[in-house]
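The stops below are given in the order in which to select them.

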Amino acid sequence: MKLSEIASIAGLSLQVSLLATVLIAVPAIAVGYVLSRVRFRGRTLLRTFVSLPMVLPPVAVGFLLLTLFSKNTALGEGLAVLLGGSFLLTWKAAVIAASVMAFPLAVLGAERGFDVVPLRQEQVAASLGATPVRVFREITLPLARGGILHGLAFAFVRALGEFGATVLVAGNVPGRTQTLSMAIFTRIEDFRDREAMVLSLLAIVFALAVTGAAEWVLRRPGRSA
Amino acid sequence: MNRFDLKASYPGFTLSATASWEVSCAALFGASGAGKSSIVEALIGLRPEVQGPVRLAGVSMDGLAPSERRLGWVPQEAALFEHLSVRDNIFFTAASEAGRRAATEAIEALEIEPLLGRSTRELSGGECSRVAIARALASEPRMLLMDEPLASIDRPLRSRVVPFLSRLAREKAVPQLIVTHDPIEVLSLAEVVFVLERGQIVQAGDPQEVFASAASFGSLSALGAENRFAVKVKGRGSGTWIVETSGGQRLSMVRVKGFPEPKEVAIRSEDVILMSSHPEGVSAQNVFSATVQSLEPIGAQVLVSLARSAAGDETWRVKVTLAAVGSLELAPGRQVVLLIKAHSVHAM
């Protein structure tokens with residue numbers, strides 16, 4: 001296996017995972033905040049719905065996405081018009097699949113982050129004259145960042161390892177949609193175990209690097225030190 | 001003009017508190033569970049379920065969001081923003097020049113300068129309280145709302161913080177409402193006290209007069225007592241219990257028929273007499289020696305902290321006049337004798 005081939009696979013995987021993480025960050029933080037702070041009927045239902053991709057077989061999620069984005073649906077047709085052609089079987093589809101599969105982890109991390117923010121500090125900030133937006137931006141969000149960052153780090157790693165849903169919507173086209181997981185799978189199928197091992201080790205390095213970076217960001221002395 | 005008339009119903013607890021005052025520093029005094037926190041949170045605007053008009057520093061708070069009320073809240077736990085440095089906490093809302101000036105003055109008066117660069121996680125309880133006061137002042141509040149502001153500030157520093165807060169109230173026109181169960185805080189800072197019991201204000205007036213009259217009835221007397229000790233009953237005398245504190249001091253107290261064995265006792269600092277040597281032929285049932293640890297002026301009186309001779313970790317607080325300090329030559333290290341009538345030892 002050439003180095004350029006490894007770089008291409010790794011580059012595409014990182015691109016897909018990073019974009020998926022960026023794409024879900026804001027919605028996941030918003031849903032995590034709602035689940036943590038807002039009491040409403042249907043909260044449990046929302047949490048269950050958000051968690052579905054975690055408990056469903058990835059292939060089933062992939063099939064649902066395939067059905068949803070096919071040209072037979074209004075959504076698929078609209079997207080095709082918008083993007084100038086169907087985005088199925090492209091790297092963009094891999095981003096969508098990875099986003100859907102990683103979303104629950106990002107939400108749960110954010111929810112946990114907001115759960116541990118001391119309410120008193122937010123109340124005091126408000127009493128000192130801070131508007132709700134400022135309280136959220138300068139008190140709530142920084143105090144919840146531990147959970148949020150952990151959630152996003154795990155979401156990134158989940159996106160990096162995504163296979164079942166991605167293979168259905170993006171296919172397994174070398175150089176175009178073949179991410180690390182699919183490249184490993186293909187090489188195992190072809191009895192190219194050494195190459196599969198190299199790519200597996202690369203996946204481990206990426207996962208360790210991301211979770212380690214998240215830990216480092218959380219532990220490094222902030223403005224308070 | 002300040003006034004509130006608050007009403008709310010909770011399971012097993014009804015809040016119905018009305019108060020009005022015009023002095024620069026008022027205190028809301030009551031035991032835990034009396035409803036102090038509910039009132040403070042309602043004044044801040046955090047309890048929508050509490051109904052009734054609120055007017056503080058001449059401004060109606062009705063319908064205003066907490067951020068619009070401009071009340072400098074200093075909660076008991078300080079609630080410093082843990083991700084910000086001490087400096088960033090204090091200047092969090094110091095947007096105007098006046099706010100920054102108020103913050104700088106508070107930093108100097110409350111001796112916070114050496115702490116500015118530190119993380120709030122490194123601060124002691126007393127340091128947190130001081131930073132929280134400075135942070136509240138930097139927001140240019142209409143009124144300071146402080147929950148037990150002196151509780152964790154050590155005694156030597158307290159004697160410097162109290163004049164600063166008094167000066168703020170009187171000279172800088174920053175009115176204050178303090179909430180506390182500590183009569184020392186009330187006597188040190190407030191010009192009027194509202195006594196809160198089970199969600200209702202049962203007494204109001206000049207703190208000296210309120211606490212003096214309170215001595216005539218048990219529950220409030222015990223509530224305001226500076227000396228509180230866990231005890232075990234060691235025996236019965238003629239109409240008395242003989243109890244022993246966890247520090248080993250035996251006390252005789254009046255036994256009331258039908259009342260259970262006391263587990264905690266409270267003795268007001270005014271009810272303890274100090275003598276230079278052991279007396280002879282006195283009616284007081286409780287006579288024991290102790291060593292003066294510190295003296296703290298409170299208005300025209302002095303609060304003396306003493307360690308009992310036999311068990312150094314049990315601190316007694318006795319309020320005496322300035323004249324008594326002179327005649328008894330009270331100073332740290334001086335050994336004196338404490339006299340307490342059995343009637344002055346209240347069961348909690």
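Select A78(B), which sits in the loop between β6 and α3 (86–90) of chain B. This is a predicted model, so what you see here and at every later stop is a prediction. Check the backbone torsion: phi of A78(B) is near 70 degrees, a positive value in a residue other than glycine. Most residues other than glycine have a negative phi. Is A78(B) buried or exposed? A78(B) counts as buried because it has 25 C-beta neighbours inside 10 Å, where the cut-off for buried is 20 or more.

Next, go to R70(B), in the loop between α2 (66–69) and β6 (71–74) of chain B. R70(B) is not a glycine either, and its phi is positive, about 55 degrees. R70(B) counts as buried because it has 20 C-beta neighbours inside 10 Å.

Now show both chains and select the contact between them. It takes 18 residues from chain A and 23 residues from chain B. On the chain A side, the elements that give two or more residues are α6 (119–127) and α7. Colour α6(A) separately: it supplies the largest share of that side, six residues. Colouring the chain A side by class gives nine nonpolar, seven polar and two charged residues.

Hide chain B and look at chain A as a whole. Which secondary structure elements does chain A contain? It has 10 helices and zero strands. Along its principal axes, the C-alpha trace of chain A spans about 65 × 45 × 30 Å. Of the 225 residues in chain A, 41% are buried. Among contacts in chain A between residues at least 6 apart in sequence, 77% join residues at least 24 apart.

For the last stop, select helix α10 of chain A, residues 193–219.

Then pick out L199(A), A203(A), V210(A) and A214(A), which are buried in α10(A). An α-helix has 3.6 residues a turn, so residues three or four places apart point the same way. What lies over the buried residues of α10(A)? The cover includes α1 (3–37), α7 (132–161) and α9 (180–189) of chain A. Show these helices together with α10(A) to see that cover.

How values were computed
Residues numbered from 1 in each chain as written. Chains lettered and ligands numbered in written order. Predicted model: local features only at pLDDT ≥ 70, side-chain atom pairs only at ≥ 80, totals over all residues. Helix = DSSP H or I, 4+ residues; strand = E, 2+ residues; numbered from the N terminus. Expected span 1.5 Å × (residues − 1). Buried ≥ 20, exposed ≤ 12 C-beta atoms within 10 Å, placed from the backbone. Contact = placed C-beta atoms within 7 Å. Nonpolar A, V, L, I, M, F, W, Y, C, P; charged D, E, K, R; others polar.
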